[in-house]
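Hi there,

Here is the structure I promised to pass on to you. Below it you will find my notes on what turned up.

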Amino acid sequence: MRHRLPRRAPTLSIVAGIVLALVAGVGAVRAVWSDALSASAEDPTRVERVGLDDRADRAADPRAQRCGGAALSAPRELRGIWITTVDNIDWPSRPGLPAEQIKAEYLGWLDLALQRNLNAVFVHVRPSGDALWPSQYAPWSEWITGVRGQGPGFDLMQWMIDETHKRNLEFHAWFNPYRGSQPAPSGSGPDINALAPDHPLRKHPEWAIVYPSAGTTGSRLHFNPGIPEARKFVEDSMLEAVQKYDVDGVHFDDFFYQYPVGKQDYPDEAAYRQYGSGMGKADWRRDNVNKLVQEMSQRIKQLKPWVKFGISPFGIWRNSSTDPAGSPTRGLQSYDDIYADTRLWVRAQWLDYIVPQLYWNIGFDVADYAKLLPWWVDVVKTTRVQLYIGQADYRAGQSGPFSDPGELDRELALNRTYPQVTGSVHFSAKSMRADALGSVSQYAKHFYSTPALPPVMKWLPGTAPAAPALKSAADGDNVRLSWTGKGVSSAVYRVEGTTARLVATRRGGDGDYTGPKGTYCVTELDRSWNESPPAG
């Protein structure tokens, strides 16, 4: 989903001296950086690591609970990866694979998530006006079978969610709301007639926008955000997945209006004349995006109040040179250039979480990670919105600061110095698996060495379950635990000195665990991660 991947779309010059690199259809401008501007981080990288167990806001329920006289302690943070389907960037490895290989490859990503002690996956289920489920609103995605509109012969979405939940991982369904097609030749480009026969833009060509213009590299189709009927249809198409499936979250990245290409303006003049209501065009475009975000927030909660709603925006809202409330940066501005008022969405609390894409290094003079991070902390500080950070695993091994395998490690260390930062999502799955320079192994050793529970969102419906009924039995040098309970999942703690630390989680209220001899306790959790008293 993020910044630049070597084999993807061309870079676009937007701001003097700044390169904006796009991954075609994946979901975000990936960077505001250029090799010429890359600054060495003169050691702003010395960050003291703070353990999650030392942070009251991330510890297990502070009221309370003890296991064999030891206080329960569990990291409370969202740890996720983006699994990108468009252009087969992550999965499937290519279109048209047999169903069993499609499944085996997806299970491999879940294995990776468990290996790295993650607790969430963000799966690209609507990359471009299509769907990874049998939908009445959109054709099957070509990235699965290789044929636009042709499904794999089974309900892929249901299977993915079932397998993800078996491993006690959250499944966040990742949508690109307004994308209509991918650039040619891998996609249909700006040609409506090249879309799947049942594609909604073939039925409603009046909703279609071509941008950038035909004949320009990257030209594609979009649903026009300025047409209310198109916006309602796009919302309905995404909410269909919420209604039909047990998703844990609805997730957007930062493609609403297309990132600008050269001096080409977005060709929505007719819609503006009809629906502009006297607003300036830029304000009208922002209002169109705001309506989508607000309406989706309301409609998700009306449908399933426990489903989380989050967005992963470009990391810069506005520069302080433009707006005193902006960040100390000099890059593209989402508010002005792509009409995404990301700060408003947080302040209005339309979101449950926000994941700004901070894909720049500590010390980068155009967009310094160490300066953007506290800016976002300040944005969420007086709201209930949880702040996770989009981490640029894909940049590990690139020239410049990311040629240092410790860059990502230092960024996660810096995150830990702010209590408001309650998680990270890594782009993307294949970069985490590649572990360039051992950078993933380095940060995982320091920060993801044990399991973690997602942070509780207290405003979502939920009640901590009762403690489970627990049995234990000696098994040589080990202890075998088994329990029954009423939770959606359960957590296992082992006493280490004065602390009982989280060692495992299981899906479902019933479970078992075998570990070395010692004192153990087990808790139950509801789907919002509210935790019971311990049994043990």
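First, the term needed for much of what follows: a salt bridge here is a side-chain nitrogen of Lys or Arg within 4 Å of a carboxyl oxygen of Asp or Glu. Please keep in mind that this is a predicted model, so local features need pLDDT of at least 70 and side-chain atom pairs count only at pLDDT 80 or more, while totals for chains, interfaces and linings use all residues. Residues are numbered from 1 along each chain as its sequence is written, and side-chain values use heavy atoms, with hydrogens and water left out.

**Salt bridges**

By that rule there are 32 salt bridges. One group forms a network, in which R231, K232, E235, D236, E295 and R299 are linked by salt bridges.

For their locations, helices (H or I, at least four residues) and strands (E, at least two) are DSSP runs, numbered from the N terminus. For their surroundings, buried means under 20% relative accessible area, exposed over 50%, and partly exposed in between (1.4 Å probe, protein chains only).

- K308 and E170 form a salt bridge with their closest N and O atoms 2.7 Å apart. K308 belongs to strand β12 (residues 308-311) and E170 to strand β8 (residues 170-175), so this pair ties together parts that are 138 residues apart in sequence. Both K308 and E170 are buried.
- R285 and D265 form a salt bridge too, at 3.2 Å between the closest N and O atoms. This pair links distant parts of the chain, 20 residues apart: R285 sits in helix α7 (residues 281-303), and D265 in the loop between β11 (249-252) and α6 (269-275). R285 counts as buried because its relative accessibility is 2%, whereas D265, at 47%, counts as partly exposed.
- E100 and K103 meet through their side chains in a salt bridge of 4.0 Å, N to O. Both lie in helix α1 (residues 99-115), three residues apart, which is about one turn of the helix. E100 is exposed at 57% relative accessibility, but K103 is buried, with a relative accessible area of 19%.

**The disulfide**

The structure holds one disulfide (a pair of cysteine sulfur atoms within 2.5 Å). C67 and C521 form this disulfide, and their sulfur atoms are 2.1 Å apart. The link of C67 and C521 is right-handed, with 95 degrees about the S-S bond. C67 lies in strand β4 (residues 66-67) and C521 in strand β21 (residues 520-525), so the pair ties together parts that are 454 residues apart in sequence. Both C67 and C521 are buried.

Best wishes
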